[in-house]
Amino acid sequence: MNTYLNFQKHLTDEINAIKAEGLYKAERIIVSPQSVKIRLQDGQEALNFCANNYLGLSDHPGLIEAAEKAMKNRGYGMSSVRFICGTQDLHKELEQTIAGFFGTEDTILYAACFDANGGVFEPLLTEEDAIISDSLNHASIIDGVRLCKAVRYRYANADMEDLESQLQAAQTQRFRLIVTDGVFSMDGNVAPLDKIYALAQKYDAMIMVDESHSAGVVGKTGRGTTELFDLRNRIEIITGTLGKAFGGAIGGFTTGKKEIIEMLRQRSRPYLFSNSLPPSVAGAGIYTFHLLDKSNDLQNKLHDNTNYFVEKMQAAGFDIKPTQSAICAVMLYDAKLSQEMAARLLEEGIYVTGFYYPVVPKGQARIRVQLSAAHEKEHLDKCIDAFVKIRKLMI
Ligand SMILES: *Cc1c(COP(=O)(O)O)cnc(C)c1O
């Protein structure tokens, strides 16, 4: 008896249903380093406007050299979790460097921010406590909250009236933790951390910010939302990734109050039961944060590029969501149009992604453009010109 047959049919049906809905995700294969100019397997070259390569560090020679040096001196892999024999001097140095960057007390590294978020709630809070979470928070926060027994409250995206009523409802719990993304990935809007902080003071709550899309980007020197709102060292928990602005390889972290980090080292399951970051990633990470300490050139260029792009696109008549990050949503509202336009932009050598329901609300289809410090003005102009050309052909 073929025990797999029924399950196989079940999966095939489900996958066909995903395809029929137009939600099937195909992978486009790149045969060059991640960069502004990428080469695809079919030989096509494209300008990349859909990577989280905000500071252009994915193929930066300094990071590559730092990674090579760390690999030469400290080997390829750690073959251990941190608390058995997986901690090198490089891991401790990277943790302290990250704390210095964010102005926090201590840092704990993870294999990814998905793990940082997955492992942050359950060790700290119990059924006596409350987690109050923004409705648009990242999937890894939602999963992390599910693993924790705390009572869950949800507020509409960045809606401070709703947050206030949820905080009022949560007053009977012992501790309260408000959780928000720093930048929301679909609109590029920043969480109103100043207002969240005021409400947290009023209703005796702690705050956690996931700075994955905001660290390296938001704030004058790219220190994230705590810099933008002048709240450095006043937020209890910050999580972030090394997989976006900071080189884009792999790795995540939680940084904040030292007792919180200490407890996570004792009880956070993705930390206790998953492998240590490779030395090359730790070494390149240290290099990255020192590079950003020495100069603000990359952050300045990213901010200039974003302003330039948004202004030119608006002047060309495109409907751009107000952004405070390097994410720029070009609103088209029509799902089919967003897909066709993205496909035709790729034919013009501009790689962007179209999003529609259920990734964004119904009738809110858009093309998301992500800017980078690695883009030059000529790249931005090419992208804008292509948008104008394709719109003329399509609408
Ligand atoms: C990308 C992202 C993550 C996941 O980070 P990884 O390090 O890739 O696991 C978590 N949270 C937010 C808000 C993100 O944007």
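Predicted model: local features only at pLDDT ≥ 70, side-chain atom pairs only at ≥ 80, totals over all residues.
**Around the ligand**

- The ligand has 13 residues around it, of which Cys113, Phe114, Asp210, Thr241 and Lys244 come nearest.
- A polar backbone atom of Cys113 lies 2.8 Å from an oxygen atom of the ligand, whereas the side chain of Ser212 places an N or O atom 3.4 Å from a nitrogen atom of the ligand.
- His138 also takes part through its side chain, with a polar atom 3.4 Å from a nitrogen atom of the ligand.
- The ligand taken alone exposes 390 Å², and the protein buries 82% of that area.

- Helix 1 runs over residues 5–20 and includes Phe7; its 16 residues should span 22 Å at 1.5 Å a residue, which agrees with the 22 Å between its end C-alpha atoms.
- After helix 1 comes Gly22, which has a positive phi near 75°.
- A nonpolar patch on the surface is formed by Tyr4, Phe7, Leu11, Ile15, Ile18 and Tyr24, which together have about 550 Å² of accessible area.
- Phe7, one of the patch residues, counts as partly exposed because its relative accessibility is 46%, a value between the limits of 20% for buried and 50% for exposed.
- In an α-helix there are 3.6 residues a turn, so residues three or four places apart point the same way.

Notes:
Residues numbered from 1 in each chain as written. Heavy atoms only, no water. Patch = residues over 30% accessible without salt bridge, like charges linked within 9 Å, V, L, I, M, F, W, Y side chains within 5 Å. Areas by Shrake-Rupley, 256 points an atom, 1.4 Å probe, with all protein chains shown as cover. Salt bridge = Lys/Arg side-chain N within 4 Å of Asp/Glu carboxyl O. Helix = DSSP H or I, 4+ residues; strand = E, 2+ residues; numbered from the N terminus. Buried < 20%, exposed > 50% of the residue type's maximum accessible area, 1.4 Å probe, protein only. Expected span 1.5 Å × (residues − 1). Near = heavy atom within 4 Å. Polar contact = N/O pair within 3.5 Å; in protein donor to acceptor, adjacent residues only side chain to side chain.
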